[in-house]
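Here are my notes on the model, as numbered points. Please read them with the structure open.

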Amino acid sequence: IDVIRQAYTGLYQLVSSGLFDKYVDFIDTYAGIGELEQQELYNEIVQHKDTAMLSEYIRNKGIEQGVKQGIEQGIEQGIEQGIEQGIEQGIEQGIIQKAKKDIIDILRLRFGKVPHKIVETINRTDDLKILDSYFKQVVQINGIDQLRFF
């Protein structure tokens, strides 16, 4: 661990932060360092006084990674919730459209031509409870003139 810490320190002094990140991964891979060992190594670097600049960089990098992970998780959760809401709204809209179509189809089957005003009234309604009451009226009336919803 001491050799790797020295390699990190030397690398940090020689290259820019972008290259440091790239070559640290190379050092870790070459030395066979896993994530847990890397965290232990970072903790040790942070505790040493002779690696103060590198310690600060590692702390900032950890904060940046935490923020980045938080943002990514927030985006994922937002997308999942958006998809769920979209599916629910799509299903509800499909049910509403089907109810409207069924009411109009029943009217046409029972009474032939349906006045445009009645079709407009049905199509303007997006409340399932209201559409359900329209449906019940349509199946119970004897003539189109008995409709009470337009």
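**Notes on the predicted model**

1. Helix α4 (residues 52–111) supplies the largest share of the nonpolar patch, 7 residues. Helices here are DSSP runs of H or I with at least four residues, numbered from the N terminus. The model is predicted: local features need pLDDT of at least 70, side-chain atom pairs count only at pLDDT 80 or more, and totals for chains, interfaces and linings use all residues. Residues are numbered from 1 along each chain as its sequence is written, and side-chain values use heavy atoms, with hydrogens and water left out.

2. The patch covers about 740 Å² of surface. Its members are I71, I75, I79, I83, I87, I91, I95 and L128. To join a patch, a residue needs over 30% relative accessible area and no salt bridge; nonpolar side chains (Val, Leu, Ile, Met, Phe, Trp, Tyr) are joined within 5 Å, like charges within 9 Å. Areas come from the Shrake-Rupley method with a 1.4 Å probe, and for residues only the protein chains shown count as cover.

3. Take I91, in helix α4. I91 counts as exposed because its relative accessibility is 52%. The classes are: buried under 20% relative accessible area, exposed over 50%, partly exposed in between (1.4 Å probe, protein chains only).

4. The largest nonpolar core has 17 residues. L107, I118, I122 and L147 have the most contacts inside this core. Two or more residues each come from α4, α5 (116–124) and α6 (128–140). The most, 6 residues, come from α4. Another core, of 10 residues, lies apart from it and includes L11, F20, I33 and L41. A core is a set of buried Ala, Val, Leu, Ile, Met, Phe, Trp, Tyr and Cys residues joined through side-chain atoms within 4.5 Å.

5. Look next at T125, in the loop between α5 and α6. T125 counts as buried because its relative accessibility is 10%. Its side chain makes a polar contact of 3.5 Å with that of Y134. Such a contact is a pair of N or O atoms within 3.5 Å; within protein, one must be able to donate a hydrogen and the other to accept it, and residues adjacent in sequence count only if both atoms are side-chain atoms. Leaving out residues up to four places away in sequence, T125 touches I96, K100, I130, L131 and Y134. Touching means heavy atoms within 4.5 Å.

6. How many salt bridges does the whole structure hold? The search finds 5. The criterion is a side-chain nitrogen of Lys or Arg within 4 Å of a carboxyl oxygen of Asp or Glu.

7. D126 sits in the loop between α5 and α6 and K100 in helix α4, so the bridge ties together parts 26 residues apart in sequence. K100 is buried, at 4% relative accessible area. D126 is partly exposed, at 46%.

8. Other pairs stay within a helix. K98 and D102 meet at 2.7 Å, N to O. Both lie in helix α4, 4 residues apart, about one turn. K98 is partly exposed at 47% relative accessibility, and D102 is partly exposed at 24%.

9. R124 bridges to E120, with the closest N and O atoms 4.0 Å apart. The two are 4 residues apart in helix α5, so about one helical turn separates them. R124 counts as exposed at 59% relative accessibility, whereas E120 is partly exposed at 35%.
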